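Let's take a walk through this one together. Have the sequence and the 3D view open, and click along as we go.

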Amino acid sequence: MAKNRAPQARRVTIKDIAERAGVSIGAVSFALNGRDGVSEATRERVRQVADELGWAPSTAARSLAVASTEMIGLVLARDPDTLGIETFYMRFIAGMESELAIRGYALLMQLVPTPAAELEAIAKWRATRRVDGVLLVDLTPDDPRVDLLAASDDLPTVVVGDASVADGLTSVSTDDDTAMREAVRYLASLGHRRIARVAGLDRFAHTAVREVAFLDETERLGLSSTIARTDYLPESGRVATRSLLDEADRPTAIIYDNDVMAVTGLSVAMERGLSVPSDLSIIAWDDSVLCEHTFPQLTALRRDVVGFGAHVVRRLLDLIDGAERGAYLDETPRLVVRGSTGPA
């Protein structure tokens with residue numbers, strides 16, 4: 001839950017300078033910090049506009065400029081053996097790297113076993129200036145990482161998640177609410193009256209957003225709904241699917257929280273002698289190459305995950321360069337209909 005903070009006086013930022021000078025934020029940063037990458041004419045124009053606007057670097061910005069590491073940090077509380085299974089993170093990191101390379105930055109990524117270890121790693125980075133900024137993923141309500149970082153700007157931070165859990169930190173999110181409702185409405189239009197959701201970890205804020213939308217939309221349409229909880233891994237998706245299909249009034253459609261669980265769900269349906277989509281329709285969240293290489297191909301909610309990773313990094317680099325905090329919405333996942341969905 002967001003906390004009330006005293007309003008702060010509006011200060012001139014490099015974003016203001018960029019807009020007035022008609023150049024990019026990156027060009028302003030290069031010009032003001034005496035770095036190569038802009039022409040002398042641009043450098044002089046930026047300095048003139050900065051003087052006109054009365055710009056002065058913040059204390060945090062000056063500190064970072066003096067001791068810049070040209071690295072950003074990402075800590076993942078994940079089992080190393082399972083990270084490669086989730087295609088989302090591989091594509092997300094690829095997008096991050098593509099943007100970092102343009103700006104000459106590097107990614108410092110650390111895998112830790114628990115959320116507590118993640119908090120400890122971030123606190124250490126903050127104290128030692130190990131990185132110029134950090135990304136926070138897999139947000140939870142009242143996240144202790146947010147509590148650690150939201151009160152000051154000494155370590156620029158971007159929350160990869162909804163602004164409601166960012167407590168004023170810069171956030172970049174996708175509209176999972178709208179996407180989930182679209183998926184439910186599509187299945188209802190095909191005549192499905194019993195729809196299940198195989199959900200990821202319920203402690204994550206984005207899981208809760210999807211769940212609220214799923215339950216609200218199925219209730220609004222008068223549909224029967226069931227939720228099975230998992231840890232996003234293939235085996236837990238397999239177990240959840242078997243449990244759902246064992247029910248007397250088994251669902252005629254299932255929405256999975258990631259692609260790998262949807263693939264295992266398809267295999268379970270085949271094991272049971274069910275035809276997809278005649279007996280069971282399947283939708284996967286986050287379209288991937290896996291969804292395109294099953295038979296039948298999987299209907300999926302698609303977004304540009306590589307582009308999402310690049311967008312997140314751009315916002316963090318803007319913060320490092322002195323931009324104000326803000327809440328930003330990336331693209332809304334859209335439904336790509338393939339062979340795994342059909343009339344009930």
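Where does Asp138 lie? Look in the loop between β3 (133-136) and α8 (144-149); helices here are DSSP runs of H or I with at least four residues, strands are runs of E with at least two, and both are numbered from the N terminus. Before going on, note that this is a predicted model, where local features need pLDDT of at least 70, side-chain atom pairs count only at pLDDT 80 or more, and totals for chains, interfaces and linings use all residues. Residues are numbered from 1 along each chain as its sequence is written, and side-chain values use heavy atoms, with hydrogens and water left out.

Back to Asp138: its phi is near 55°, a positive value in a residue other than glycine. Asp138 counts as buried because its relative accessibility is 15% (buried is under 20% relative accessible area, exposed over 50%, partly exposed in between, with a 1.4 Å probe and protein chains only). Asp286 also has a positive phi, about 65°, and is not a glycine either. You'll find Asp286 in the loop between β9 and α13, buried with a relative accessible area of 7%.

While you're checking backbones, look at two prolines. The peptide bond from Val276 to Pro277 is cis, with omega near 20°, and Pro277 sits in the loop between α12 (259-271) and β9 (281-285). The bond from Phe295 to Pro296 is cis too, with omega near -5°; Pro296 belongs to the loop between α13 (289-292) and β10 (299-302).

Now for the inside. The largest nonpolar core has 25 residues, and Ile72, Phe92, Met96, Leu135 and Val312 touch the most other members. A core here is a set of buried Ala, Val, Leu, Ile, Met, Phe, Trp, Tyr and Cys residues joined through side-chain atoms within 4.5 Å. Two or more residues come from each of β1 (71-77), α6 (87-103), β4 (157-160) and α14 (305-320), with α14 giving the largest share, eight residues. Apart from this core lies another, of 23 residues, including Val198 and Ala228.

Finally, zoom in on Arg197 in strand β6 (residues 194-199). Arg197 counts as buried because its relative accessibility is 0%. Leaving aside neighbours within four places in sequence, Arg197 is in contact (heavy atoms within 4.5 Å) with several residues, among them Met180, Arg210, Glu211, Phe214 and Asp257.
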